[in-house]
Amino acid sequence: MAAMAGSGLSNQTGAAVGALAFPVLGPLGVVAVRQYVAALVLLAVARPRLRGFSWPQWWPVLLLGGVFGTMNLSLYSAVDRIGLGLAVTLEFLGPLTVALAASRRRLDAGCAVLAGAGVVVLMRPRASADYTGMALGLAAACCWASYILLNRVVGRRIPGAQGAAAASAVSALAFLPVGIAVVIGRAPTAGAVLCAVAAGVLSSAVPYLSDLLTLRRVPAQTFGLFMSVNPVLAAVVGRVILDQALGAVEWAGIGAVVTANAVSLATRHRPGPART
C-alpha cells in the first residue's frame, strides 16, 4: 500500500514540478528531458539486446516509442492549459475505456455512462473553457489506451522489460533534436533543468521501480483499483504546488470518473488459483 501510494504521489508531484519549468523550457522541452531520464533508467534496468530484435519485434517497439512520447507531450501541454487535475482526469479515460471495452457486463455499461457524465461536466461550455487544452487531454487518453494495447503486443514478443526499454530509447532519440533546439533557442536556467530532470525521475524512474516491486506482491486488480486515485492526487498536488484550485463542479466530474473506474474494478471476479 505504501509503495502504491508513493508511486502515485511521485508521479503527480513530478508532473507538477515539471510544470514549474514551463515558462523557460515549455512543455516540449520538459517532455524531452523526461524522455531522456526514462530511457536511461529503463535501459539500465532492462539492458535490452537491440541487435537481436527481428522486424516483427521492432515495429511494435517503434510504434510504442512514438505513442509514449506523444502521450507525455499531449499531457504536459494539457497541464499547461487546463491544470494538472483536469488534464490527468481526461488522460485517465484511456485505460478506463480499454477496461470497459473488454467487458459485457451491464454494470460496466453503467460505469461508462457515469464516466461519460463526468467528462460532460468537465467539458461543459463556459466562458473560461479551454477546449484546446481539453482536446490535448483527450489525445493523451487515446495515446494511453494505445500504449496499453501496444505494450501487450510488445510483451508477447519480447521478454521482460526489454521492449519497454527499447521503446523509451526510440522516444528519447526522437526528442533529441527538440532538446538541442530548446537549448539553442533559449539558454535554460539551472533551476528549469533541475525541475525537468526531477520530473523525469519522479514521474518515470520512481513509479516504474515502485510498480515493479508492487506487482510482485499485490494482485493486478488491486493495483488497478488503487490507480483510480491518481486524478484525485493530481488535483490535490496541483492545488498545493501549482496553486490550481478547482470548483465543486470540477471535483464532481473527477469524482464521477474515479468512481466509474473503482466500481468497475472492485466488482470483477478474481480468477481462482491456477491448476497444475
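Predicted model: local features only at pLDDT ≥ 70, side-chain atom pairs only at ≥ 80, totals over all residues.
Me: Why is Val-257 called buried?

Reply: Buried means under 20% relative accessible area. Val-257 has 0% relative accessibility, so the residue counts as buried. Val-257 is placed in helix 12. Beyond its neighbours up to four places away in sequence, Val-257 touches Thr-89, Phe-92, Leu-93, Leu-96, Ala-115 and Gly-118.

Me: How far is Val-257 from Gly-52, in sequence and in space?

Reply: The two are 205 residues apart in sequence, and their C-alpha atoms are 42 Å apart.

Me: What makes Ser-264 buried?

Reply: The relative accessible area of Ser-264 is 1%, and the limit for a buried residue is under 20%. Ser-264 is therefore buried. This serine lies in helix 12, which spans residues 248–266. Leaving aside neighbours within four places in sequence, Ser-264 is in contact with Leu-100, Arg-105, Asp-108 and Cys-111.

Me: How do you know that Asp-108 and Arg-105 form a salt bridge?

Reply: The rule asks for a side-chain nitrogen of Lys or Arg within 4 Å of a carboxyl oxygen of Asp or Glu. For Asp-108 and Arg-105 the N to O distance is 2.9 Å, and the side chains meet in a salt bridge. Asp-108 is buried because its relative accessibility is 3%. Arg-105, at 28%, is partly exposed.

Me: How many salt bridges does this rule give?

Reply: The count comes to four salt bridges. Among them is the pair formed by Glu-250 and Arg-124, with an N to O distance of 3.1 Å. That pair links distant parts of the chain, with Glu-250 in helix 12 and Arg-124 in the loop between helix 6 and helix 7, 126 residues apart. Glu-250 has a relative accessible area of 11% and is therefore buried, whereas Arg-124, at 26%, is partly exposed.

Me: What makes Asp-130 and Arg-81 a salt bridge?

Reply: The closest N and O atoms of Asp-130 and Arg-81 are 3.2 Å apart. The cut-off is 4 Å, so a pair at that distance qualifies as a salt bridge. This pair also links distant parts of the chain: Asp-130 is in the loop between helix 6 (106–122) and helix 7 (131–157), and Arg-81 is in helix 3, 49 residues away.

Me: Why is Arg-81 called partly exposed?

Reply: Partly exposed covers values between the buried limit of 20% and the exposed limit of 50%. Arg-81 has a relative accessible area of 43%, so the residue is partly exposed.

Me: What makes Arg-47 and Asp-243 exposed?

Reply: Exposed means over 50% relative accessible area. Arg-47 has 69% relative accessibility, so Arg-47 counts as exposed. Asp-243 has 57% and therefore also counts as exposed. Arg-47 lies in the loop between helix 2 (22–46) and helix 3, and Asp-243 is in the loop between helix 11 and helix 12. Each has a positive phi in a residue other than glycine: near 50° for Arg-47 and near 60° for Asp-243.

Me: Why is Val-232 partly exposed, and which patch includes this residue?

Reply: Val-232 has 31% relative accessibility and therefore counts as partly exposed. Patch members need over 30% relative accessible area. Val-232 belongs to a nonpolar surface patch of about 490 Å², together with Leu-20, Val-236, Val-240, Ile-241 and Trp-251. Val-232 is in helix 11, and this helix (residues 230–241) gives the most to the patch, with four residues.

How values were computed
Residues numbered from 1 in each chain as written. Heavy atoms only, no water. Patch = residues over 30% accessible without salt bridge, like charges linked within 9 Å, V, L, I, M, F, W, Y side chains within 5 Å. Areas by Shrake-Rupley, 256 points an atom, 1.4 Å probe, with all protein chains shown as cover. Helix = DSSP H or I, 4+ residues; strand = E, 2+ residues; numbered from the N terminus. Buried < 20%, exposed > 50% of the residue type's maximum accessible area, 1.4 Å probe, protein only. Contact = heavy atoms within 4.5 Å.
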